[in-house]
Amino acid sequence: KDMRQWWRRTGRELDLPIDGVTSPTRPVGKHALSFNSKQPQLAKLPPGDYTLVVEAAREVGGRELVKIPFTWPAKAPQSGKAQGSSEIGAVTLAVKP
C-alpha cells in the first residue's frame, strides 16, 4: 500500500501471500539481507534454478530491475553480481552450502 499507484492498479487485486513485497524506498547506502535454509520459506523450497530479483520503483519516476541466477540448495559456494544503472547500485549474492 506504500506505493499508491501500484496498489491501485494491481496490488489490491492480488491474493495473499503475494510473491513479492513492496515498501518505501530505503535511504541511499548499503543494505544487507541474510537468510538461512532453516527459515520456513526456504526449508520448503524445492531444489532447482532460481533468480534473485531486486527492483526499485519510484511512485512517479524511475524503475530498475536487476537479476542474479542461482541454484538451490547450494552444493558448493555460489556468488553473483549485478550492477544497476540508475536506481540500483551494485547487488551481490552469496549462497553457501
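I looked up the surface first: the accessible surface of the chain comes to about 8,200 Å², and 54% of it belongs to carbon and sulfur atoms. Accessible areas come from the Shrake-Rupley method with a 1.4 Å probe, and for residues only the protein chains shown count as cover.

I noted the ground rules next. The model is predicted, so local features need pLDDT of at least 70 and side-chain atom pairs count only at pLDDT 80 or more, while totals for chains, interfaces and linings use all residues. Residues are numbered from 1 along each chain as its sequence is written, and side-chain values use heavy atoms, with hydrogens and water left out.

**Overall layout.** I found two helices and four strands in the chain, in the order α-α-β-β-β-β along the sequence. Helices (H or I, at least four residues) and strands (E, at least two) are DSSP runs, numbered from the N terminus. Of the 97 residues, 15% count as buried. Buried means under 20% relative accessible area, exposed over 50%, and partly exposed in between (1.4 Å probe, protein chains only).

**Strand S2.** I looked at how strand S1 (residues 48-57) pairs with S2: the sense is antiparallel, over 10 bridges. Two strands pair if DSSP finds at least two bridges between them. The bridge partner of Gly-48 in S2 is Trp-72.

I then sorted S2 (residues 63-72) by face. Glu-64, Val-66, Ile-68, Phe-70 and Trp-72 make up the covered face, and Arg-63, Leu-65, Lys-67, Pro-69 and Thr-71 the uncovered one. In a regular strand the side chains alternate between the two faces of the sheet.

**The core.** Which residues form the largest nonpolar core? I listed 10: Val-66, Ile-68, Phe-70, Trp-72, Ala-74, Ala-82, Ile-88, Val-91, Leu-93 and Val-95. S2 and strand S4 (90-95) each supply at least two residues of this core, and S2 gives the most, with four. A nonpolar core is a set of buried Ala, Val, Leu, Ile, Met, Phe, Trp, Tyr and Cys residues joined through side-chain atoms within 4.5 Å.

**Glu-64.** Leaving aside neighbours within four places in sequence, Glu-64 is in contact (heavy atoms within 4.5 Å) with residues including Val-54, Glu-55, Gly-84 and Ile-88.
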